[in-house]
Amino acid sequence: MEPLKEQAEFPQDKIVVIFSCIKEISQLNTIFLAGMEERMTNWGPQQKIGDLFLKMAPFLKLYGAYTANYETSSDTFDDLFAKNAAFTTFVTECTRQPRCKKLPLPSHLILPVQRIPRYKLLLEDLLKHTPQTHPDYPPLRDSLVTIQQVAQQVNAAVREQENRKRLVHIQQRFAAMAGLNLVQPHRYFVREGSLLKSCRQVLKKRYFYLFNDLLIYGVITATSAFSIRKHHELVTLEVADMADTEAVQHAFTVKTPKKAFAVSCVSVEDKRAWFDDMSKNIREQQDRKHSFGAFAETVGTSLSSALDEQQPAFCAPVWQNDHDAKKCTKCGLCFSVVNRRHHCRMCGFLVCAECSKQRVLLPDFDSGKHRVCDECAEKVLAAEPSGTNV
């Protein structure tokens, strides 16, 4: 590593990425090795080594940083090895040296990634063969617990890094983000795929991205970029199962404060996966909001009120498809050029003009009054006896 830093023909920024914190890990293991050698030199029936692992424990987080960077390190090495002749020659010559055991550099770089799992196996085996009365049993037991915790932290760091890279990759694919920044510390990717989305008259193919707090859908352009149509925060959504019809199978509804639609999946299994993931993450986002809201009430009403504004007072209905009804769903009068069909903004059913004379204000909708059927208008009137809404 040091010779690579001393030669100008090697890009130092890439060298740093390739080796990450390998120098610090090497120093840590040098100290650990010296301690082990001292214990082995003075070995006896009551000798201990578990305490050495415990002393090393606070520094094992280095492995988490190294492992999280490993994929980037590997990609950087491959790129530099393919494009930089001086680097290729240097690495090839190092491989021939006896101390490298004729192994290429990547075979050495992966060793720190494997270290924590191997420590865990070693301590499990030592603990299994150490009597509980032996003075080394308690430190070995505590060391194993610590190593298991470190392993979990390393895995979490790897998942976080992989998720961050995926978010960046998805964002780079988007043709226009409209001010939306996908890469957030709290956000992680859940699933993606093509679904058929109900539009006013037909089902249209849309590509969906589901994150733990966000739903995005749009279309894939001719250049394979992703053009956003809409994005919704999960805390404002509702999902509901939907029975199969001749026109739509394997579908469920997605309700937002201002729009509702049905999505159709390719199979029952695909529908179940999308529906379960959306339900789970919507519930988690709403539970988190409610928990934080309870805390906000102890802090002040202004924060609590701001949180309440995020929760929709009304979820828009899924509009009945224009081709699904030839008659008014309220009076039964056939639709025609003269007797046009209209959607009730509260229930979503197709009705005629005579059955939808009322206009009302709807919570969370754009300003202005909206057409509703007489039945829904009566519900609004019942909720507001003064009649000021209609």
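These questions and answers walk through one predicted model.

Student: What should I know before reading the values?
Tutor: Residues are numbered from 1 along each chain as its sequence is written, and side-chain values use heavy atoms, with hydrogens and water left out. In this predicted model, local features need pLDDT of at least 70 and side-chain atom pairs count only at pLDDT 80 or more, while totals for chains, interfaces and linings use all residues.

Student: How many helices and strands does the protein have?
Tutor: Helices (H or I, at least four residues) and strands (E, at least two) are DSSP runs, numbered from the N terminus. By that count the protein has twelve helices and twelve strands.

Student: What share of the 390 residues is buried?
Tutor: Buried means under 20% relative accessible area, exposed over 50%, and partly exposed in between, with a 1.4 Å probe and protein chains only. Among the 390 residues, the buried share is 40%.

Student: How many disulfides does the search find, and how far is the sulfur of Cys331 from the closest cysteine sulfur?
Tutor: A disulfide is a pair of cysteine sulfur atoms within 2.5 Å. The search of the whole structure finds zero. Cys331 has its closest cysteine sulfur in Cys352, too far for a bond, at 3.7 Å.

Student: Is Cys21 buried or exposed?
Tutor: Its relative accessible area is 11%. The limit for buried is under 20%, so Cys21 is buried.

Student: Which residues does Phe211 contact beyond its sequence neighbours?
Tutor: Phe211 sits in strand S3 (residues 203-211) and is buried, at 0% relative accessibility. Contact means heavy atoms within 4.5 Å. Leaving aside neighbours within four places in sequence, the partners of Phe211 are Leu167, Ile170, Leu182, Arg187, Tyr188, Phe189, Val190, Ile216 and Leu234.

Student: What separates the C-alpha atoms of Phe211 and Leu167?
Tutor: Along the chain, these two residues are 44 residues apart. Between their C-alpha atoms the separation is 9.6 Å.

Student: Which side chain makes a polar contact with that of Asp213?
Tutor: Asp213 is in the loop between S3 and strand S4 (214-220), and counts as buried at 10% relative accessibility. A polar contact is a pair of N or O atoms within 3.5 Å; within protein, one must be able to donate a hydrogen and the other to accept it, and residues adjacent in sequence count only if both atoms are side-chain atoms. Here the two side chains are joined at 2.9 Å, and the partner is His186.

Student: Which backbone oxygen lies 2.7 Å from a polar atom of the Thr67 side chain?
Tutor: Thr67 lies in helix H5 (residues 61-83). It is buried, at 12%. The backbone oxygen at 2.7 Å belongs to Tyr63.

Student: Are H5 and H6 roughly parallel or roughly perpendicular?
Tutor: H5 packs with helix H6 (residues 85-95) at about 105 degrees, with axes 5 Å apart. Axes are lines fitted to C-alpha atoms, for helices over the stretch in contact, and angles run from 0 to 180 degrees between N-to-C directions. Angles under 35 degrees count as roughly parallel, over 145 as roughly antiparallel, 65 to 115 as roughly perpendicular and the rest as oblique. So H5 and H6 are roughly perpendicular.

Student: What is the phi of Ser20?
Tutor: Ser20 lies in the loop between helix H2 (12-19) and helix H3 (22-41). Ser20 is partly exposed, at 26%. It is a residue other than glycine, yet its phi is positive, near 50 degrees.
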